[in-house]
Amino acid sequence: MLEILFLLLPLAFYSGWQSARKRYKERQEKRKQISVHFVRGINYLLSEQPDKALDVFLNYPEIDEYTADTFLLLGNLFRNRGEINRALRVHQNLVARPDLSKAQRTSAMLALGEDFFAAGMLDRAESVFTELLKDDPKRSDACEPLRNIYEQLHEWDKAIEISQCAQQRSKSDHGRLIAHYYCELATQELQKNNLFKVEETLKKATKAYPDSSRVLVLAGDLAYARGQMQEAMKTYQAAISKDSRLLGMLFSKLLNDFPQQDALENLYQFIKQHFTQSQDTRLFAYLLQLARKLGKLKEMHAHVDEHLLKGKPTLNTLAHSTEVLASVWQESNTCDMAQVQTALQRLANSQPEFQCGHCGYKMHDYLWRCPACHQWDSVANV
Ligand SMILES: [Zn+2]
C-alpha cells in the first residue's frame with residue numbers, strides 16, 4: 001500500500017504544478033486586460049475625450065490600491081476643471097465598489113462630499129460629511145467642509161458646534177471664527193431686541209476670542225439700545241482704538257446717533273489724539289470732516305500742511321485738505337497751490353497707470369501680455 005502511495009507522489013506534484021500554472025496564467029491575463037483598459041482610458045483623457053475616458057474607467061473590472069488612487073485623482077481633476085457632473089460620476093462609482101479598503105472608501109466619500117459642495121448641493125454634502133463623522137467621531141478632515149457648509153447656510157449654531165469639535169480634534173485655533181459666529185447670532189438677537197440674549201451671546205464670543213473688535217462694536221450697539229449713550233460711545237472708541245479700520249464703518253453711525261455738540265467734540269478729541277499718535281492716514285479724512293462740522297477747520301491747518309508735505313495723501317484726504325486751505329486762503333486773501341500740487345503729484349505717482357481690459361489687473365508699466373489673465377494686447381491706460 002505504501003509503495004502505491006509513493007508511486008502516486010509525482011502525479012500529485014504534477015497536478016499541483018499544473019493548477020498553479022493555470023491560476024498564474026489567469027492572473028496574468030486579467031492584469032493584461034486591466035492594463036489595456038487603463039491605457040485606453042488615459043489615451044482618451046489625453047486626446048480630450050473625457051466622456052469616452054469616463055466610460056472606460058466606470059466599467060473598470062477590478063480596483064486595486066493604485067487604481068483607486070488614480071480614480072480619486074481623476075475625479076478631483078474633473079472637479080478642479082469645473083466638470084462637477086463627471087467628478088460626481090467617478091467618485092460615486094468608486095464609493096459603490098465592494099472591493100475598497102476602509103481608508104480608500106473614506107477618501108472617496110470625502111471627495112464625493114466636496115463634489116456635492118462644489119455643485120451647490122449643500123444638503124447632500126452635509127449628509128456625506130456627517131456620515132463620515134458618525135463612522136469615526138475622532139476624524140477631523142470632515143469638520144472643515146461641514147463648517148464651510150454651515151457658514152454658507154448661515155446656520156451659526158451648527159457652525160459653532162462643529163468648529164469647537166474641530167478645535168478639540170485638530171488642536172487648531174478656531175477661536176476667532178467662533179467669535180464671529182456668536183456675533184452673527186448676537187446681531188440677529190439685537191434685531192429682535194432680545195437684549196439679554198445679546199449680552200449672553202457676546203460673553204460667549206469674548207470667551208472664544210477675547211481680542212475681538214467686532215464684539216466691542218456689538219457691545220456698543222447693545223449699550224446704545226439700552227440708552228446708555230456714554231457707555232456706547234466709550235465702547236465704540238475702544239473698538240476703534242483696537243482697529244482703526246472700524247472708524248470707516250462706524251463714522252456715519254456715530255454722526256447720526258450722537259449729534260449733540262459735546263458728543264461730537266468728544267469724538268473729535270479722541271480721533272485727533274489717535275491721529276497725532278499714529279499718523280494713520282485712515283483717521284485723517286474723518287478728522288477733517290469732523291473739524292468742518294464743528295467749525296474747527298483752521299485748527300487743522302498745521303496738520304494739513306504736514307500731511308501735504310510728508311504724508312501719504314489719498315483722494316479723500318486731499319479733497320478735505322483743500323477745504324481747510326480754502327478757508328485759510330479766504331481769510332488771508334492768498335492762494336498758494338504749491339503744496340497741493342506736490343501732494344497730487346505724489347498721489348499720481350503711487351497709482352498704477354495701466355489696467356488690463358480683460359481681467360481688470362492694474363500695473364505701473366505697460367506690458368504686451370497681462371501677467372494675471374495672460375491675454376495679449378489687453379492692457380491700456382486706466
Ligand atoms: Zn488680465
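View 1. W368 counts as exposed, at 59% relative accessibility; buried means under 20% relative accessible area, exposed over 50%, and partly exposed in between, with a 1.4 Å probe and protein chains only. Together with Y366 and W376, W368 forms a nonpolar patch on the surface, the accessible area of the three residues being about 430 Å². Patches are made of residues with over 30% relative accessible area and no salt bridge, like charges being joined within 9 Å and nonpolar side chains (Val, Leu, Ile, Met, Phe, Trp, Tyr) within 5 Å. The accessible areas come from the Shrake-Rupley method with a 1.4 Å probe, and for residues only the protein chains shown count as cover.

Residues are numbered from 1 along each chain as its sequence is written, and side-chain values use heavy atoms, with hydrogens and water left out. Since the model is predicted, local features need pLDDT of at least 70 and side-chain atom pairs count only at pLDDT 80 or more, whereas totals for chains, interfaces and linings use all residues.

**View 2. R147 and its side-chain partners.** R147 belongs to helix α7 (residues 143–152) and is buried, with a relative accessible area of 8%. The side chain of R147 is joined to that of Y181 by a polar contact of 2.6 Å, a polar contact being a pair of N or O atoms within 3.5 Å in which, within protein, one must be able to donate a hydrogen and the other to accept it, while residues adjacent in sequence count only if both atoms are side-chain atoms. R147 also forms a salt bridge with E151, with 2.9 Å between the closest N and O atoms; a salt bridge is a side-chain nitrogen of Lys or Arg within 4 Å of a carboxyl oxygen of Asp or Glu. Both R147 and E151 lie in helix α7, where they are 4 residues apart, about one turn of the helix. E151 counts as partly exposed, at 28% relative accessibility.

**View 3. Further salt bridges of the model.** By the salt-bridge rule, the count comes to 20 salt bridges. One of them pairs K192 with E189, the closest N and O atoms being 3.9 Å apart; K192 is exposed, with a relative accessible area of 54%, whereas E189 is buried, with a relative accessible area of 12%. Elsewhere, salt bridges that share partners join R79, E114 and D115 into one network. R81, which counts as partly exposed at 40% relative accessibility, forms a salt bridge with E83, and 3.1 Å separates the closest N and O atoms.

**View 4. Two loop residues with positive phi.** H154 is placed in the loop between α7 and α8 (156–170), and its phi is near 60°, a positive value in a residue other than glycine. At 52% relative accessibility, H154 counts as exposed. Q279, in the loop between α14 (261–278) and α15 (281–293), has a positive phi of about 55° although Q279 is not a glycine. Q279 is partly exposed, with a relative accessible area of 44%.

View 5. A119 is found in the loop between α5 (102–118) and α6 (122–135) and is partly exposed, with a relative accessible area of 35%. The C-alpha atoms of A119 and I84 are separated by 6.3 Å, although these residues are 35 residues apart along the chain.

View 6. D157 lies in helix α8 and counts as exposed, at 54% relative accessibility. The C-alpha atoms of D157 and Y182, which are 25 residues apart along the chain, are separated by 8.1 Å. C183 is buried, with a relative accessible area of 0%, whereas C359 counts as partly exposed, at 39% relative accessibility. The structure holds 0 disulfides, a disulfide being a pair of cysteine sulfur atoms within 2.5 Å.
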